[in-house]
Amino acid sequence: MSTYKLLSWNVNGLRAIMKKGFMEWLHAQNGDMVCLQETKLQHDQIPDELAKHEGYRAYYDCAERKGYSGVALFSKREPLRVSTSIGEKFDREGRILIAEYPEFLLYNIYFPNGQMSEERLYYKLAFYDEFLKQVEIQRKQGKKIIIAGDINTAHREIDLARPKANERTSGFLPIERAWLDKLVAHGYTDTFRMFNQRGGQYTYWDQRFNARARNVGWRIDYFFVSDDLKSNVKDAFIQADVMGSDHCPIGLILEV
């Protein structure tokens, strides 16, 4: 049995965070699989320091639109295969990296934000539904599933500082939270809540209003695992003291 350390972080611009201690964090963590969201770069903009980084194989899914979205995976192990698709309608924004390992299928996903418009909210909900459909297809084929990334929705009142004030805000709408209920009902576990039931544990803070210093935040970044991996989860954590983005990293320790 092997122990794996997985990390996930919405970096809000990979090139920007490179100037804020990202490489030092990466070396110090020594993660086996590091999932990043909102990289905001194209393949020809990958910093040399990352392109030549020893110890990791790097995979990217970049949006067609420059300076937007994007995900990356740094993996010490070479996956059996890597995909960037859950369906043509959803594959243009650089939100998807699916890495298959012998023990599990790792989904590194930057789920859409629904706050910009009603149209984007509907897009987000459609993305949610198609994602779950595709994951369930893989699960029925015998795959064990890990879902990592910025889901862009706080699940329960404990997961944000001001639930009442945000009941009509995308990111905490009943219809968005209901999808997370559906995910759980399909047999996926929020790993952080296996170990921590306290409030005040957040992964995102608005850059305005001094929100982070006051810990007025949201927990919208997650590691979910299919229930057949639940017994393999040894720890899950939030690194709220790590700066550089409006999100902080989260982690998962798995023995398989």
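**Figure 1. Sequence separation of contacts and overall form of the protein chain.** Of the contacts (heavy atoms within 4.5 Å) in the protein chain between residues at least 6 apart in sequence, 70% join residues at least 24 apart. The model is a predicted one, in which local features need pLDDT of at least 70 and side-chain atom pairs count only at pLDDT 80 or more, while totals for chains, interfaces and linings use all residues. Residues are numbered from 1 along each chain as its sequence is written, and side-chain values use heavy atoms, with hydrogens and water left out. The protein chain holds six helices and 14 strands; these elements are DSSP runs numbered from the N terminus, with helices (H or I) of at least four residues and strands (E) of at least two. The protein chain has a radius of gyration of 17 Å, close to the 18 Å given by the globule rule for 256 residues, and is therefore as compact as a globular protein of that length. This radius is taken over C-alpha atoms, and the globule rule is 2.2 Å times the number of residues to the power 0.38. Along the principal axes, the C-alpha atoms fill a box of roughly 45 × 40 × 35 Å.

Figure 2. Buried residues account for 57% of the 256 residues. A residue is termed buried under 20% relative accessible area, exposed over 50%, and partly exposed in between (1.4 Å probe, protein chains only). The accessible surface of the protein chain is about 11700 Å², and 46% of it belongs to carbon and sulfur atoms; the areas come from the Shrake-Rupley method with a 1.4 Å probe, and for residues only the protein chains shown count as cover. There are 36 positive and 35 negative side chains, and the centres of the two sets are 3 Å apart. Lys and Arg count as positive and Asp and Glu as negative, whereas His and the chain ends are not counted. Each charge is placed at NZ of Lys, CZ of Arg, CG of Asp or CD of Glu.

**Figure 3. Cys35 and Cys248.** With a disulfide defined as a pair of cysteine sulfur atoms within 2.5 Å, the count comes to zero. The cysteine sulfur closest to that of Cys35 belongs to Cys248 and is 15 Å away, too far for a bond. Cys35 is buried, at 0% relative accessibility. Cys248 is likewise buried, with a relative accessible area of 1%.

**Figure 4. Ala72 in strand S4.** Ala72 belongs to strand S4, which covers residues 71-75, and is buried at 0% relative accessibility. Beyond its neighbours within four places in sequence, Ala72 is in contact with Val34, Cys35, Leu36, Thr39, Tyr59, Tyr60, Leu97 and Asn108. Ala72 and Ile109 are 37 residues apart in sequence, and their C-alpha atoms are 9.4 Å apart.

**Figure 5. Thr203 in the loop between helix H6 and strand S10.** Thr203 lies in the loop that joins helix H6 (192-195) and S10. This residue is buried, with a relative accessible area of 0%. Leaving aside neighbours within four places in sequence, the contacts of Thr203 include Trp218, Arg219, Ile238, Asp246 and Cys248. The C-alpha atoms of Thr203 and Ile238 are separated by 7.1 Å, although the two residues are 35 apart along the chain.

**Figure 6. Asn210 and Asn215 in the loop between S10 and S11.** Asn210 is placed between strand S10 (204-205) and strand S11 (217-218), and Asn215 is in the loop between S10 and S11. Asn210 has a positive phi of about 55° although it is not a glycine. The phi of Asn215 is near 55°, again a positive value in a residue other than glycine. Asn210 is exposed, with a relative accessible area of 52%, whereas Asn215 is partly exposed at 31%.

**Figure 7. Glu136 in helix H4.** Glu136 lies in helix H4, residues 118-140, and counts as buried at 14% relative accessibility. Apart from neighbours within four places in sequence, Glu136 is in contact with His186 and Tyr188.

**Figure 8. Gln45 in the loop between S2 and H3.** Gln45 is found between strand S2 (33-37) and helix H3 (48-51). With a relative accessible area of 27%, Gln45 is partly exposed. Gln45 and Arg15 are 30 residues apart in sequence, with a C-alpha to C-alpha distance of 8.4 Å.
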